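I opened my notebook to look through a new structure. My notes follow in the order I took them.

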Amino acid sequence: MSDANSHAGEAAATEVRQAPILSVRDLRASYRGPEGMIPAVRGVSLDLYPGEALALVGESAAGKSSVALATLGLLPSTAEVSGTILYEGRSLLELTGDERRRVRGGEIAMIFQDAMAGLTPTLRIGEQIAEIFLAHERLDAKAARVAAVEALRPLLPDAERIVDAYPFQLSGGMAQRVMVAMATALRPKIVIADEPTANLDPAVRLETLDWLERLRDQGTAVMLITHDFGVVARLADRVLVMYGGLVAEEADVFTVFRRPRHPYTYGLLNSVPGVMSGGRLTPMRGNPPDLATLGDECAFLERCPKAVSRCRLEASPSLEPASPFPGSDTPAAPGHRVACFNPMAVDLRRER
Ligand SMILES: Nc1ncnc2c1ncn2[C@@H]1O[C@H](COP(=O)(O)OP(=O)(O)OP(=O)(O)O)[C@@H](O)[C@H]1O
Ligand code: SF4
Ligand SMILES: [Mg+2]
């Protein structure tokens with residue numbers, strides 16, 4: 001993490017915040033599986049504030065995308081969802097189909113990992129962008145096409161040509177830029193970016209991060225889903241570490257990189273090249289739990305090097321404010337919360 005980012009993290013931790021634009025409480029989502037319902041999200045709460053980037057990190061199957069899809073009402077119709085999701089105080093889970101479509105794209109936009117898959121193969125790019133304006137801004141077809149060209153121009157100088165192209169005629173980088181243009185065409189208040197930099201070449205990756213950073217700096221709230229700690233360090237103000245459908249730890253980015261308290265967060269950082277100091281890269285042992293058979297014990301128990309008898313005897317610990325760091329006379333960072341009976345006490349800055 002750069003020094004600039006460290007300072008941003010510290011500032012974010014002490015800032016007086018306005019009201020969250022998105023508030024999720026006790027979100028649960030289960031998918032229908034061959035042998036019953038599979039709980040993918042098991043009680044997640046989070047707040048997203050205007051002008052911040054909140055990163056959801058964790059290994060595969062942690063439930064990160066499911067949180068995003070539930071927020072946008074994009075889970076399969078067979079999924080069961082409960083809890084509350086408030087967007088500017090309005091309950092997203094209770095919206096009608098039409099109301100939800102208006103919010104989606106217009107006020108909350110999503111960019112997906114695979115830009116090409118997010119485009120309709122049989123429609124020209126211009127038609128796809130124009131559809132957004134037709135649906136949300138009631139422009140006529142001609143005005144919508146002009147708006148589509150204008151939306152593309154900052155990202156693709158030859159916008160007039162691109163609007164007439166079909167998705168298969170675009171490179172991966174161009175498709176990503178089109179996706180970005182579509183996601184921001186209506187100046188949404190929230191952008192949810194699910195692995196926005198995966199599979200991109202370095203130049204487009206950097207461009208995508210610059211774009212997300214600019215959006216955030218202009219006041220858009222960004223929910224960033226990623227495996228990449230480089231992206232977290234570059235962009236995130238706060239981090240939610242997810243494991244087994246739950247939040248294991250929540251803190252400002254500075255605290256997560258310096259004093260992670262959950263053994264899973266520590267393990268993740270320890271297994272990523274370039275995050276910890278040289279020579280001590282240790283892949284995390286074991287695999288994420290099978291959600292279909294997981295009991296109510298701590299989901300990380302089987303892999304945890306810090307497990308104590310309490311972890312085996314009691315139900316999974318809830319997410320609580322972190323205690324002051326051992327040996328430190330300063331209180332825990334504001335908003336630092338951890339779900340663990342026996343938290344870590346390693347100061348990674350001193351370790352370096
Ligand atoms: N449509 C679906 N039907 C059944 N199970 C699903 C479906 N989508 C996701 N799951 C399961 O839900 C769990 C959480 O998946 P999710 O995609 O939310 O995780 P993730 O943290 O985004 O993982 P990744 O980093 O791999 O994208 C996984 O066990 C996954 O197999
Ligand atoms: S509660 Fe116990 S098993 Fe779970 S992460 Fe903490 S120490 Fe490990
Ligand atoms: Mg995912």
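Entry one. I keep in mind that this is a predicted model. I looked up the side chain of Ser66 first. An N or O atom in that side chain is 2.5 Å from an oxygen atom of ligand 1.

Entry two. I asked how much of ligand 1 the protein covers. On its own, ligand 1 has 640 Å² of accessible area, and the protein covers 64% of that.

I looked for other polar partners. At Gly63, a polar backbone atom is 3.0 Å from an oxygen atom of ligand 1. At His227, a polar side-chain atom lies 3.1 Å from an oxygen atom of ligand 1.

I turned to the surroundings of the ligand. I noted 13 residues around ligand 1. The closest are Ser60, Ala61, Lys64, Ser65 and Ser66. I sorted the shell by class and wrote down 6 nonpolar, 5 polar and 2 charged residues.

Entry five. Which helix gives the most to the shell around ligand 1? I found helix α2, residues 64–71, which gives 3 residues.

I left the ligand and took up a pair of helices. Helix α4 covers residues 125–137, and helix α5 covers residues 141–152. Their axes come within 8 Å and cross at roughly 110°. Angles of 65 to 115 degrees count as roughly perpendicular, so α4 is roughly perpendicular to α5. I also noted the hand of the crossing: α4 passes α5 in a right-handed one.

Technical notes: Residues are numbered from 1 along each chain as its sequence is written. Chains are lettered from A and ligands numbered from 1 in the order in which they are written. This is a predicted model: local features need pLDDT of at least 70, side-chain atom pairs count only at pLDDT 80 or more; totals for chains, interfaces and linings use all residues. Side-chain values use heavy atoms; hydrogens and water are left out. A residue is near a molecule or strand if one of its heavy atoms lies within 4 Å of it. A polar contact is a pair of N or O atoms within 3.5 Å; within protein, one must be able to donate a hydrogen and the other to accept it, and residues adjacent in sequence count only if both atoms are side-chain atoms. Accessible areas come from the Shrake-Rupley method with a 1.4 Å probe; for residues, only the protein chains shown count as cover. Helices (H or I, at least four residues) and strands (E, at least two) are DSSP runs, numbered from the N terminus. Ala, Val, Leu, Ile, Met, Phe, Trp, Tyr, Cys and Pro count as nonpolar, Asp, Glu, Lys and Arg as charged, and the others, Gly among them, as polar. Axes are lines fitted to C-alpha atoms, for helices over the stretch in contact, and angles run from 0 to 180 degrees between N-to-C directions. Angles under 35 degrees count as roughly parallel, over 145 as roughly antiparallel, 65 to 115 as roughly perpendicular and the rest as oblique. A crossing is left-handed if the near helix is turned anticlockwise from the far one by less than a right angle, and right-handed if clockwise.
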